[in-house]
Amino acid sequence: MAKQVINNLESGAVVRNKINSNFTELYDEKASKNHAFTDSSYGGATSNLYGHVKVDTSNGLTINDGLLGIAKSTPNSTGSVQLADSLDIDDPNRALSASQGKLLNDTVKE
C-alpha cells in the first residue's frame with residue numbers, strides 16, 4: 001500500500017484527499033466478507049497463525065452454513081462416541097466408560 005504522508009502546513013483539502021486515498025486503497029484490498037475459496041489462496045491455519053481450515057467430511061464432521069458439527073458414530077461410520085456408564089445398556093453405538101470397564105474387570109476377577 002502506498003502510504004501518503006501528511007505534512008504540517010498542508011491545507012485541509014490536501015490532508016482529506018490523502019486520508020481518503022489511504023483508506024480507499026485499504027478497503028479496496030481487503031478480503032471480501034465471504035471469502036471461501038476452492039484453493040489455498042488465503043492460507044491455512046496453523047498452531048501459531050490464524051487462517052482457514054478445510055473441513056474433511058469423510059471423518060464424521062459436518063458443515064452447514066458455516067457451522068461445524070460432528071455426527072454420532074455407528075459401528076460402520078466415524079463420528080463422535082457416546083459413552084455407556086452402565087453395564088445394563090445394550091447399545092451398539094456406545095462405548096463402555098472407563099469406570100464401567102473397571103467394574104466389569106473387577107467383577108470378572110472375583
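## Surface and overall make-up

Areas here come from the Shrake-Rupley method with a 1.4 Å probe, and for residues only the protein chains shown count as cover. This is a predicted model, where local features need pLDDT of at least 70 and side-chain atom pairs count only at pLDDT 80 or more, while totals for chains, interfaces and linings use all residues. Residues are numbered from 1 along each chain as its sequence is written, and side-chain values use heavy atoms, with hydrogens and water left out.

Of the chain's 110 residues, 6% count as buried. Buried means under 20% relative accessible area, exposed means over 50%, and partly exposed is whatever falls in between (1.4 Å probe, protein chains only). As for contacts between residues at least 6 apart in sequence, 2% join residues at least 24 apart; a contact means heavy atoms within 4.5 Å.

## Helices, strands and the hairpin

You'll find two helices and four strands in the chain, in the order α-β-β-β-β-α along the sequence. These elements are DSSP runs numbered from the N terminus: H or I with at least four residues for helices, E with at least two for strands.

Strands β1 (residues 61-64) and β2 (residues 67-70) pair up antiparallel over four bridges.

Gln 100 sits in helix α2 and counts as buried because its relative accessibility is 13%. Leaving out residues up to four places away in sequence, Gln 100 touches Ala 84, Asp 85, Ser 86 and Leu 87. With Asp 85 there is a polar pairing too: the backbone oxygen of Asp 85 lies 3.4 Å from a polar atom of the Gln 100 side chain. The cut-off for a polar contact is a pair of N or O atoms within 3.5 Å; within protein, one must be able to donate a hydrogen and the other to accept it, and residues adjacent in sequence count only if both atoms are side-chain atoms.

Ser 97 belongs to the loop between β4 and α2. At a relative accessible area of 8%, Ser 97 is buried. Setting aside neighbours within four places in sequence, Ser 97 is in contact with Leu 83, Ala 84 and Asp 85. Its side chain also makes a polar contact with the side chain of Ser 99, at 3.3 Å.

## A nonpolar patch

Leu 87, Leu 96, Leu 103, Leu 104 and Val 108 together make a nonpolar surface patch of about 440 Å². Patch members have over 30% relative accessible area and no salt bridge; like charges are joined within 9 Å, and nonpolar side chains (Val, Leu, Ile, Met, Phe, Trp, Tyr) within 5 Å. Helix α2 (residues 98-109) supplies the largest share of the patch, three residues. Leu 87 comes from elsewhere, namely the loop between β3 (82-84) and β4 (94-96). With 40% relative accessibility, Leu 87 counts as partly exposed.

## Salt bridges

Side chains of opposite charge can pair when their charged atoms come close. How many salt bridges does a search of the whole structure find? It turns up three, using the rule that a side-chain nitrogen of Lys or Arg lies within 4 Å of a carboxyl oxygen of Asp or Glu. One of them joins Lys 18 and Glu 10, with the closest N and O atoms 2.7 Å apart. Lys 18 is buried at 14% relative accessibility, whereas Glu 10 is partly exposed at 25%.

Asp 91 and Arg 94 form another, with 3.4 Å between the closest N and O atoms. Asp 91 is partly exposed with a relative accessible area of 28%, and Arg 94 is partly exposed at 34%.

Then there's Asp 106 with Lys 102, where the closest N and O atoms are 2.7 Å apart. Asp 106 and Lys 102 are separated by about one helical turn because they are four residues apart in helix α2. Asp 106 counts as partly exposed at 31% relative accessibility, while Lys 102 counts as exposed at 52%.

Conventions:
Pairing = 2+ DSSP bridges.
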